[in-house]
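Trainee: I want to learn how to read packed helices and chain contacts. Where do we start?

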Amino acid sequence: MRRAIAAIVARDLKRMLRQRGRLVSSMVRPLIWLFVIGTGFQGMLEGLGRGGYQRFLVPGLLSMVVLFGSLLASLSMIYDKESGVMRMLIIAPLPRAVVLLARTLGAALIGICQALLLMLILFALGYLGVPRDPALCALGLVAQALVCASLGTLIAVFSKALEDFAVIMNFVIFPVFFLSGALYPIEHLPGVLKAVALANPFSYGVDLLKHALGPEALFDPDFSVGKDLLAMLAFVVLALAVACRRFSQAPVFESLARVFTAPKRH
Amino acid sequence: MSTPAAILTERLAKSYGAVVALAALDLAIEAGQFFALLGRNGSGKTTTLQLLSTLLRPSAGRAWVAGHDILGAPLAVRRHIGMVFQEPALDRNLTAMENLRFAGALGGHSARTVRERASALLQLFGLTDARDTPVAALSGGMRRALDIARGILHRPRILLLDEPTIGLDVQNRRAIWRHLGRLRSEEGTTLLLTTHHLEEAAGCDRVAFMSRGRLIGQGSPNELVGALGEYVLEVETESPAETASHLRPRFGEPLVEGERLLFRVAGGAVSLDHLTHELRAHARAIRLRRPDLNDVYLWIHRDPPLNYHPEGHPGIAAGAS
């Protein structure tokens, strides 16, 4: 079992390293936000002091990298359903839940690696100092990566086809990112949007990173560290429990079985 | 439950809503047997393999694979079987060797064991040169061979293959059969496969015919072919109805395939010279030949045995001629 989990995780990481272009673009995305959006808004927010808004963005941008890295990696199970890898995993003498959890773990590690890489870049560019609380920062990244990976896993076991991908981008990734306190503090949001942000597990990861990265953040975190951790833990446990249950049920396998039988010509 | 049978099913069934994919299958496959399920697309062959490999849950009935209950102990079942799907279970982005290593690790084997076995299998399947080639760059035949290597890497006692030769050219088909033959003689592996190439199944110990989710006959190819009759008389004619009524009193009810009439006949019962002369006005061609599995397939579909028992004799009505 240990060997199997290690192999599944290693395959995910190997794939990340092989897809250099994707790795580079995952670093470019937050940097564009930092320099384009960040600079633009900075002009409006002179009161924050030089580079203030850009520094405010840092916890959100680290979370963004994790969101794209981990969520897309665990969503890749949708692609795998249509390729041979899922067949290998399904026929292996492993409980279904282990397959699912190992993929989630691999996806979380991908997000963490990408966030660490971005931290190095931001550090070199002078947008990030030594974190006030390095241990909390590490914990925050791990928790945020697990949240994003679990969310991806949850979506992957419920989606039927690849076409859902654009839908996922519009209805999951964007709202999760925009309504999270990554770009602006949650407290100023009007009722409905605030409620969504509060229900968004990703918000608590952004908040935890604000705690961990320290005095640079111009706005105080919205919640306490304990509340952040509890909210994320609750989401991860719930999401994975639902996903595992769903993954072990017949309908998923009947649709997989159809994929295996009806040969698709590429 | 422990049983000497490698695979045992009791009224195993699978339906999707109102659609019955498999209806009450009773099957017993002995250890070391080379068993083929034959039938058209949609006859329930693939469903059977998917149920036996614990990929699908049965709607009713039970089954044991290598003595393990498919519902109660799916992990034990998967540990003892190798499964080769119609589409390869391989990662296109990994090389041949990396795929085998990944599959081996998934089975819980040590890196060293996997490396040794994988090298031997690559050699057995003539893939040594493709060892470091990504799967995406392999030919269809090589991919299939690699997929079978993947299926037997963990030395399963039972190998399930769903149309192992589908989409392959004759050369590759022969190579795959050669490999399967060796696997059975050298390792004593039980092989259960589906195919619709009947001529390929002639080398199996036992074949079973399926139609619309039901088993309609089984036996050893020799038994089945033998039970059909000594010879098949084949008459090609432009007036099948007329010719059939002409010959029916002598040879019984023919099997009609377009302009082809097939009769089951005993060796001494027919004189070709005589027939040729007699039918010269109607027949384009007259042939007397030994029956083969194709004939069994045709007759078994026309006259499915009414009271068929899996443990009994092959279900072809005797003495129609």
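Mentor: Start with what a contact is. Two residues are in contact if their C-beta atoms, placed from the backbone, lie within 7 Å. Keep in mind that this is a predicted model.

Trainee: Which residues in helix 9 of chain A meet helix 10 of chain A?

Mentor: Helix 9 brings A:Pro201, A:Tyr204, A:Gly205, A:Asp207, A:Leu208 and A:His211. Helix 10 answers with A:Val225, A:Asp228, A:Leu229, A:Ala231, A:Met232 and A:Phe235. Sort the residues of this contact by class: eight are nonpolar, two polar and two charged.

Trainee: At what angle do helix 9 and helix 10 of chain A pack?

Mentor: General idea: two packed helices are described by the angle between their axes and the distance between the axes. Here, helix 9 (residues 201–213) and helix 10 (residues 225–248) of chain A pack at about 145°. Their axes are 9 Å apart. The crossing of these two helices is left-handed.

Trainee: Now the two chains. How many residues does the contact take from chain B and from chain A?

Mentor: Chain B gives 26 residues, and chain A gives 25. On the chain B side, helix 1 (45–52), helix 2 (74–80) and helix 3 (96–106) each supply at least two residues. Helix 3 of chain B gives the most, with four residues. By class, the chain B side has 13 nonpolar, seven polar and six charged residues.

Trainee: How many helices and strands are in chain B?

Mentor: Chain B has 11 helices and 14 strands. Of its 321 residues, 45% are buried. The C-alpha atoms of chain B fill a box of roughly 75 × 45 × 35 Å, taken along the principal axes.

Terms used: Residues numbered from 1 in each chain as written. Chains lettered and ligands numbered in written order. Predicted model: local features only at pLDDT ≥ 70, side-chain atom pairs only at ≥ 80, totals over all residues. Axes fitted to C-alpha atoms, helices over the stretch in contact; angles between N-to-C directions. Left-handed = near helix turned anticlockwise from the far one by under 90°. Nonpolar A, V, L, I, M, F, W, Y, C, P; charged D, E, K, R; others polar. Buried ≥ 20, exposed ≤ 12 C-beta atoms within 10 Å, placed from the backbone.
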